[in-house]
Each structure stands twice: as C-alpha cells, then as structure tokens.
Amino acid sequence: MAESKVLTEFYHLPEYQTLAGYKAKGGYETLPKALKMQPQQIIDEVKASGLRGRGGAGFPTGMKWGFLPKNGEPRYLLCNADEGEPGTFKDRMMMERAPHQLIEGMIISAFAVGSHKGYIYVRGEYVFPIECLNKAIKEAYDAGLLGKNILGSGFDFDLDVYRGAGAYICGEETGMISSLEGLKGQPKLKPPFPAVQGYLRKPTIVNNVETLAAVTYIIKDGATTYRKFGTEKSAGTKLFSVSGNVVKPGNYEVPLGYPLIDLINNECGGMKPGRKLKAIIPGGSSAPVLTAEEVMKANLDYESLAGLGTMLGSGAVIVMDDSQCMVDMLGVLTHFYAHESCGQCTPCREGTGWLNKILHSILEGRGRLQDIDLLVKVADNMKGKTICALSDAAALPVLSFVTKFRDEFEFYVREGRSKVKGTTYAEMHH
C-alpha cells in the first residue's frame, strides 16, 4: 500500500468536520506561525515546495501568486470548488470531511497574497458540502479565526460561500469569475489573466480546494518535507478519484509519480472478478484515453502522462473493463459536452453538437463509414480555436477513442450493433 495520507490522514474521524475535532489533530496550529511570517516568505515556501494547481491545469501555485501586480488595488482569493469534471469527486470529500482544512489554507494563502476577501465557489448540486462549509465558516468567525484582526495579528479576512447554478463551464476560472460577478457563466478572453484583472476587474487568485488545503502543510512542515513525496517536477501527494470497473472505487491519496496500475491493483483491489482491464481515462473526462498496454507505462504525474499524450487533469481515474463498448462510452461524453458548451465560440457551440449528432447516428444504426473520419475532422477543427478549453475537452476524447478503438466504431457502423456487447443501442438503453 502506497497511500500517503498528508491531507486525508484524519478524514475517517467524523469529528474532524468540527472546529474542536480539527483543532484536536493540530488544526489551526500553523495559522499563528504563518501570520508571524512575511507574506513573501510564504510565497517563496510555496514556490519551493513545487505545489502545482490540483484543479486540472497543474500550474505552479507560487508562480501564479507572484503574478499579482503591486498596484495597491484590493485583491481577491477565490477557491474553485465547482467540481464538474465527469469522474471527479475529491473536492466534495474534502469539503464534507475537513472544511476547516480548506479554511485554514485559505486564510494563510490570503495573508500571503494580501487579500482581505475570499469566496468559495461551489457547484450548485453540492448541497451537503455547502452546509458543511457554512457551518465551519460560522465556527471560524465565532472563534476569531475569520473577520477582523485574526488572532491579534492585525490581518483581516472575510470568507463567503457562493453557490453555483450547476454549469460545468463555471469550473473554468474566468467563467467562474463571470458567474460570481452576477453575469452569464461564460469564460473571458485571456490576457488579461485573473491575477492582473479578475473578479470585479481587480487582481484575483483562483486556486482549487486541494491546492489551498495543501498550503497549510507546506507552511507547517516546510517545502523540503513536502517534497519528500512525488517527483522533481510533480511534487507532493495528490488525491485521485477512481470510478468504474474496479473492486473498490473511491478517493485515494498517493504520491505523484505513483504507477497507475499500482493504484488500480493495490488501492482499488484490481478489476472486478473475471474482467480484464481495457482502458483508463486518467485525468477526468477531457483527458485522452489510455489503452491497457499504455496504462502499464503510466505514472501518475504531469510529465509521465503528457509523454503518453494524455493528462493528469483533476485526478479522475475512470476505469473500463473488457465488457465496455467504447462507442457507447464516447456517446456519454459527447452528450455531456454538447449539453455544457456555453455557446460563446462557434467551433465549440457547433462542434460539440455536431460530434454528438454524428456519434449518436452511429449508435442508432444510421452511421456511415465516412462518419468516423468526419468525427476526427470535426474534432481536429475544434482544438485550440476557442476562448476556453471546453472545445478541446470535447475533441480530445473523440480523437483518442476513435484512433485507439477504431475497429469498434467500424463494426458498429457495419453491423448496427456493439462489437463488445453484441446488442444495439436501443437494446442497451431501452
């Protein structure tokens, strides 16, 4: 077992949700230490730790913090908890089991970047995590850990929870900022980047739940200790949400660089009895799929997965066994992206819908062989041509599925039924 529980060590204790339970395990002991440091010292420590954004992009956190202009304007710290990537459910667990861990990380981060106002933007469907956060924030205010003059340090920080309305696009940082401003949740053109001009056109830092929670541990134990986990370029531990055809799906915290197949076999108890591994999407639904052979070469870090033409993303590992039909699986994804496109950019608005229509015509037995090449052509025309990455997120799975499992698509077109399941789409979904 290589689970390394840095963040999740006490998640099994129900009382860890409360202020008293969190404090009993060393919670809020790092905060007074941090408030006595120089803000720049904290930023330098986070830079030295090699912490990278845990929401999907993997951008170095300390470097992002360093982009804030020194112009005397108010600054905002936003926590991106709009966890909408299909397959991802780690942030939800963090907010439910350890809301104070996030709050402490946010106060320390806010002090480091000079922000006096923070928001946690949570996806609308997360009703219970929102309750947990609101309860914890009230406890923190009552204990003088939020608000004016925190712990007598002279530092003020206010924190609110903002509930999204259930749009996947609001997980994109500029789309999230638009939504928080009361506008349509649509991404904005970059530059200017949020660090320069974000919420209310003021300097803004947007970090994921897991990223902000990790800051406390880096300041507590130091960057060198944090770097004992992970690889040179992908430091620390990471939470992975594993779903699909494994014996024990769930969230697992392992060091970055851990072999993907070990996560499946050791932590998740292997494939379901009598089944063989067929494919894995390693980083949430927008990451290109890996075949069983590629999985054997994959390590769970940004570089290893990029070398295999896919990405670590948000750490959502979707496991498929040999009973799964790849045409049907891709149909689920294309439907999702067609539904969630905000419609702002033509290649995405038209492309996601077109991919979905072509794919469903194949699934419904009306496909032609040239439709398979058309899927590839449409997906190729969608990549890198839009304001945000949703268009790429829809195109990359299509390209990887069709390229790596083309025989299944051709069989479906010719026979009007699944090569794997032997049934038609109507029979599978009646």
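**Rings, charges and helices in a predicted model**

K117 lies over the face of Y119, 4.8 Å from the ring centre. A charge counts as over a ring if NZ of Lys or CZ of Arg is within 6 Å of the ring centre and within 35 degrees of the ring normal. K238 is placed over the face of F240, at 5.7 Å from the ring centre.

The model is predicted: local features need pLDDT of at least 70, side-chain atom pairs count only at pLDDT 80 or more, and totals for chains, interfaces and linings use all residues. Residues are numbered from 1 along each chain as its sequence is written, and side-chain values use heavy atoms, with hydrogens and water left out.

The structure holds 13 aromatic pairs. Rings of Phe, Tyr and Trp (its six-membered ring) pair if their centres lie within 6.5 Å; planes under 30 degrees apart are stacked, over 60 edge-to-face, and the rest tilted. F10 and Y16 form a tilted pair, with 5.6 Å centre to centre and 50 degrees between the planes. F10 is buried, at 18% relative accessible area. Y16 is also buried, at 1%. Buried means under 20% relative accessible area, exposed over 50%, and partly exposed in between (1.4 Å probe, protein chains only). The rings of Y121 and Y162 have centres 5.4 Å apart and planes at 25 degrees, so this pair is stacked. Y121 lies in strand β2 (residues 117-122) and Y162 in strand β3 (residues 158-163), so the pair ties together parts 41 residues apart in sequence. Y121 is buried, at 1% relative accessible area, whereas Y162 is partly exposed, at 28%. Ring pairs also link F10, Y11, Y16, Y22 and Y28 into a cluster.

Helices (H or I, at least four residues) and strands (E, at least two) are DSSP runs, numbered from the N terminus. The axes of α5 (residues 90-97) and α6 (residues 99-113) come within 5 Å and cross at roughly 95 degrees. Axes are lines fitted to C-alpha atoms, for helices over the stretch in contact, with angles from 0 to 180 degrees between N-to-C directions. Helices α5 and α6 are therefore roughly perpendicular to each other. Angles under 35 degrees are roughly parallel, over 145 roughly antiparallel, 65 to 115 roughly perpendicular, and the rest oblique. M94, M95, E96 and R97 in α5 meet P99, Q101 and L102 in α6; contact means heavy atoms within 4.5 Å.

In helix α11 (residues 260-267), the buried residues are L260, I261, L263, I264 and E267. G269 follows α11, with a positive phi near 70 degrees.
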